[in-house]
Amino acid sequence: MSGRVPDFLELPARSAKPRATGLTHVLDQGAGVAAASDVLASAAAHIDIWKIGWGTAYLDSAIEAKLALLAEHRVAACLGGTLLEIAWAQGVAADCLAWAGDVGFRYVEVSRGTVAMSRTQKRELIRRASRDFDVLAEVGAKAPGEPNPARHWPGECLADLEAGARWVVTEGRQSGTVGTFDEAGRVRPEVVEAVVGAVGERRVIFEAPRTGQQAWFVRRFGADVNLGNVALGDVLSVETLRLGLRSDTAAVPRRERAERDTA
């Protein structure tokens, strides 16, 4: 087999790696090196940031081998925010960041959804982390029912970017039922528009683990929207949404419609 990519369809314009926008940010819940290798074999071209979630990186005896594999495929490894939050709460954030750099992380997430951390303390942690890493700053609580995110998130996003974050991440969790979404998983448009109005869509990674949520963002912002917390097994599926290769986002190009109308 040649491995040649077909090119007979008219598809939306899509940025190529290394990308500054149109990012696909995946959530790794503890996949082994072999499992990661399988995903990368078919989908590396479509993955930009690989977040190793929760505290799994701390327990994985093969973490350095996994990060080396990601680097070979030009995929940036990101340390999930929960581990850094716990380290910060125990007074060892500097040790956590030093370890992360030593094993090969290029990105870290800074969040405050697990431990009691003020916005000021979060900004200080962003400043510290941004000396050595690209920082993703997450906004939002991990529990449902957060009051008034459309009012509170924009200011926090602006402050996080000013502190040195490269992108802000809107909370959605693996479940897709908090923060950006209601408890049924429906997008809260007023939250999305408030954040985009404050910082622009290119500076935001929208956590969107569910297909319907991903399709909503593609329809709203186009193929090059930044999507986060994509499951490892859904990478190619998300790319089909971006390119209109699924009914959720498909649109026949005008030239094709014209040809059909005159046939």
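Asp-28 counts as buried because its relative accessibility is 0%; buried means under 20% relative accessible area, exposed over 50% and partly exposed in between, with a 1.4 Å probe and protein chains only. This is a predicted model, where local features need pLDDT of at least 70, side-chain atom pairs count only at pLDDT 80 or more, and totals for chains, interfaces and linings use all residues. Residues are numbered from 1 along each chain as its sequence is written, and side-chain values use heavy atoms, with hydrogens and water left out.

Asp-28 forms a salt bridge with Lys-66, with the closest N and O atoms 2.6 Å apart. A salt bridge here is a side-chain nitrogen of Lys or Arg within 4 Å of a carboxyl oxygen of Asp or Glu. The pair links distant parts of the chain, 38 residues apart: Asp-28 is in strand S1 (residues 24-28) and Lys-66 in helix H3. Helices (H or I, at least four residues) and strands (E, at least two) are DSSP runs, numbered from the N terminus. Lys-66 is also buried, at 1% relative accessibility.

By this rule the count is 19 salt bridges. Another one joins Glu-239 and Arg-242, closest N and O atoms 3.8 Å apart. These two are three residues apart in helix H10, so about one helical turn separates them. Glu-239 is buried at 7% relative accessible area, and Arg-242 is buried at 2%.

Last, Asp-248 and Arg-246 form a salt bridge, closest N and O atoms 3.8 Å apart. Asp-248 is partly exposed at 31%, and Arg-246 is partly exposed at 25%.
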